[in-house]
Amino acid sequence: MTFRALAWRDGVPTDAPTDISGVSEALADPDVLLWADLVHPSKDDLAVLADELGVDRNAIEDAVAPHERPKAQQLDDYTYFVTYATLRMFATTDGDEEDELSKVAGFAFPGGLVTVRTTDALNMASVLSQIKANRDLLRLGTPTLVHALLDVIVDGYFDTVQKLDDAIEALEDDLFSPSSHSTAFQRQAYDVRTKLVTLRRVVLPMREVINVIWRHRPEEVRELDPYYADLTDHMLRAAEWTESLRDMVTSVFETHLSLQDQRLNNVMKKLAGWAAVISIPTLVTGWFGQNVPYPGNGTRTGLVLSTLLVIVPAAIVYAIMKRNGWI
């Protein structure tokens, strides 16, 4: 397990605990604001954390359990939440996009924030930079830390959605290209759609996560209302954008299938047209090949006549098919 902790006293950095055993003492100090971050804790580490913080064992287990949906709960003296951050390669990976999600569970106490992560893939430097940029808000306590964390996660959604939007635009450019390869195009469209479905699953519940966290805010931190309102607005925009892109990629996929049907119909029309052209000489030569006497049989005139009966009707049928676009 990797343990990191930062502490502020009156907005100024101060000494922080070096392991889990010092977390409860720091959280109990009314003059200290703590942020403790645990990465890839073991079961024993989680048991120590549960005893140290006095939190529900089920919440501790959910913090590291796979496939938990984003959620937030207000418990006795703390708020528990689970979120997922999208990593840089989420929109472009050829592998499982689930591997490009970083789960972040948080326990928000009056004296600080404790985050639990299964991997160190998410760079928390962005969160720290945001905290430093708004250091004057640290006097408002834990809601400032929670906002900084959620704001970085939501901004990551925007970057991911923008990349997926660019991927859909590339598909649209390739949609009407004659050189478009059907199998490759369908694979790319399906890949983008799968990523959007996964992203939608982690983005949509975030609205409720933010609402639960902010609904139970202390009265003395209403100064942060505009910040959380802006965060909610960004969350709604990201969710709406995700829904819009999901509809777009579905339309692209269906349009591609319609174009494939149209191209198949064009091929069938051309085959039918050529079959009509070829049927004329086949009919004539088949008839004369039955040893049945016909006008001019055995003479030069008969040869010319039979040749004209082959060429002229075939040319007429070809012209008709060509004019109607069947050939």
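The model is predicted. It holds one cavity of 30 Å³ or more, and α5 (142-175) gives the most residues to its lining. Strand β3 (residues 32-39) is mostly covered and pairs with β1 and β7.

**Cavity**

- Rolling a probe the size of a water molecule over the atoms shows where empty space is left.
- Two helices, α4 (125-133) and α5 (142-175), each supply at least two of the lining residues.
- The contribution of α5 is three residues, the most to this lining.
- By residue class, the lining has five nonpolar and four polar members, and no charged ones.

**Burial of β3**

- Eight of the eight residues in β3 are buried.
- One side of the strand carries V32, L34, A36 and L38, and the other carries L33, W35, D37 and V39.
- Both faces are covered, with D37 among the buried residues.

**Pairing of β3**

- Strand β1 (residues 2-9) runs antiparallel to β3, and eight bridges join the two.
- Within this pairing, A7 stands opposite L34 of β3; L34 is also one of the buried residues.
- Strand β7 (residues 112-117) pairs with β3 in the parallel sense, over six bridges.
- The bridge partner of L38 in β7 is V116; L38 lies on the β3 side that also holds V32, L34 and A36.

How values were computed:
Residues numbered from 1 in each chain as written. Predicted model: local features only at pLDDT ≥ 70, side-chain atom pairs only at ≥ 80, totals over all residues. Heavy atoms only, no water. 1 Å grid on protein atoms, 1.4 Å probe; cavity = no way out; pocket = protein on both sides within 12 Å on 5 of 7 lines; lining within 4 Å. Points joined across faces, edges and corners; volume = space filled by probe spheres on them. Helix = DSSP H or I, 4+ residues; strand = E, 2+ residues; numbered from the N terminus. Nonpolar A, V, L, I, M, F, W, Y, C, P; charged D, E, K, R; others polar. Buried < 20%, exposed > 50% of the residue type's maximum accessible area, 1.4 Å probe, protein only. Pairing = 2+ DSSP bridges.
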